Amino acid sequence: MKGKATSFDIAHLAGVSQSTVSRALRNSPLVKAETIEKVQRIARELNYKVDKHASSLRSQQSATLALLLFEDPTTDDSLINPFFLSMLGSITRACARQGFDLLVSFQQLSDDWHADYEDSHKADGIILLGYGDDVDYQPKLKQLDQQGTRYVRWGPLSEGRGLSVGCDNRQGGQDASQHLIALGRRRIAFIGNASHHYPEFFARYQGYVRALLEAGLSIEPALQQDAITTEQAGFDAVTTLLDRGTDFDAIFAASDLIAVGAMQALQARGLRVPDDVAVVGFDDIPVARFASPPLTTVRQDTKRAGEQLVESLVRQIRGEPVRSVTIPTQLIPRKSCGEA
């Protein structure tokens, strides 16, 4: 064969139409599995490469997904929660497997990001990571819905709030708290915002409450201290508890960053972790393994999360049935609770 192979060449060799070739190369469910395998095998043999520009012009699609990361308070200049950074690699690889390019954009919550993609055709759909105050976030999601924008977000699952992928925060919070109770801890502090403004933290708090009640322990408001997801917030929250003279023998922190700051505050006051106070975090970001002592935490599966975000958005773009997904969590015991 002379020159570059075309989809018509593949169609001739496979004995199918050119439109079937196009669908087969996109793994369309409208094409039989054996036809997809045959078309893709011939494409590989001919070293055929999809002309994304031409395909985009025909379909009025960009073959690009947009990933919008929202600013978070951090100790460095990145302003990106390290939990989301750990998810980025999985999202990038999943996009490549689906035949999409990935446009990564850093957005401030005050920006008009909710309108930016309506007419620009920059991307066929949007992945949203991070959201700050959920009450402020909701009007922008409603505008995306009104515009017909295809999007999926990492966050809490709730009726009428768009397509979401998130972890089982309530069960994770219950598992963390039950672990501390099983170790003989009875006065467990919860460090993290526990309100509808921060629904993921609130769900973790609800799991904490459920575990305490099931164990016959009372819920003491004095043992809950608000904190956003930074080391400094965790340090300040525990310092406040200690200054008040609040008695506690364990901490369940709503994130690993909060937990690391909490351990620093305890150590600054001469308290030993885990001898005096056991500590559990949430997320299992890399710093958890290298904290001193290594942090017991609730792992969120960032690899599966990234893959699921991309799969859900691509299915939505293709007009296929799709629904929100909850991913299970896993307790990871380490030395901050006394485990070897």
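A residue is called buried when its relative accessible area is under 20%, exposed when that value is over 50%, and partly exposed in between (1.4 Å probe, protein chains only). By this criterion both Phe-252 and Phe-282 are buried. The model described here is predicted, so local features need pLDDT of at least 70 and side-chain atom pairs count only at pLDDT 80 or more, while totals for chains, interfaces and linings use all residues. Residues are numbered from 1 along each chain as its sequence is written, and side-chain values use heavy atoms, with hydrogens and water left out.

The aromatic residues make a friendly place to start. Rings of Phe, Tyr and Trp (its six-membered ring) are taken as a pair if their centres lie within 6.5 Å; planes under 30 degrees apart count as stacked, over 60 as edge-to-face and the rest as tilted. Eight aromatic pairs are found in a search of the whole structure. One of them joins Phe-252 and Phe-282, a tilted pair with 6.5 Å from centre to centre and 40° between the planes. Phe-252 belongs to strand S8 (residues 250-253) and Phe-282 to strand S9, so this pair ties together parts that are 30 residues apart in sequence. Helices (H or I, at least four residues) and strands (E, at least two) are DSSP runs, numbered from the N terminus. Phe-252 and Phe-282 also belong to one aromatic cluster with Phe-190, Phe-202, Tyr-205 and Tyr-208.

Two strands pair if DSSP finds at least two bridges between them, and S8 and S9 do so in the parallel sense over three bridges. Ala-250 has Ala-278 in S9 as its bridge partner. Both strands are part of an open sheet of six strands in the order S7-S6-S8-S9-S10-S12, with mixed pairing. At the edges are strand S7 (224-225) and strand S12 (330-332), each of which pairs on one side only.

Strand S3 (residues 125-129) runs parallel to S4 and is joined to S4 by three bridges, with Ile-127 opposite Val-152 in S4. Between S3 and S4 the chain passes through helix H7 (residues 134-147), giving a right-handed β-α-β crossover. Right-handed here means that, with the strands pointing away from the viewer, the path from the first strand over the helix to the second runs clockwise. S4 also pairs with strand S5 (residues 164-167), again in the parallel sense, over two bridges; Trp-154 stands opposite Val-165 in S5. Both faces of S4 are covered, as Tyr-151 and Arg-153 on one side and Val-152 and Trp-154 on the other are all buried.

Turning to charged side chains, a salt bridge is a side-chain nitrogen of Lys or Arg within 4 Å of a carboxyl oxygen of Asp or Glu. Ten salt bridges are found in the whole structure. In one of them Glu-307 meets Arg-97, with the closest N and O atoms 3.5 Å apart. Glu-307 lies in helix H13 (residues 302-317) and Arg-97 in helix H5 (residues 82-98), so the contact ties together parts that are 210 residues apart in sequence. Glu-307 is partly exposed at 26% relative accessible area, whereas Arg-97 is exposed at 54%. Glu-307 forms a salt bridge with Lys-303 as well (2.8 Å, N to O). Lys-303 and Glu-307 are both in H13, four residues apart, or about one turn of the helix. Through shared partners, salt bridges join Arg-97, Lys-303 and Glu-307 into one network.

Another salt bridge links Arg-299 with Asp-284, with 2.7 Å between the closest N and O atoms. Arg-299 is in strand S10 (residues 296-299) and Asp-284 in the loop between strand S9 (278-283) and helix H12 (286-290), 15 residues apart. Arg-299 is partly exposed, with a relative accessible area of 31%, while Asp-284 counts as buried at 11%.
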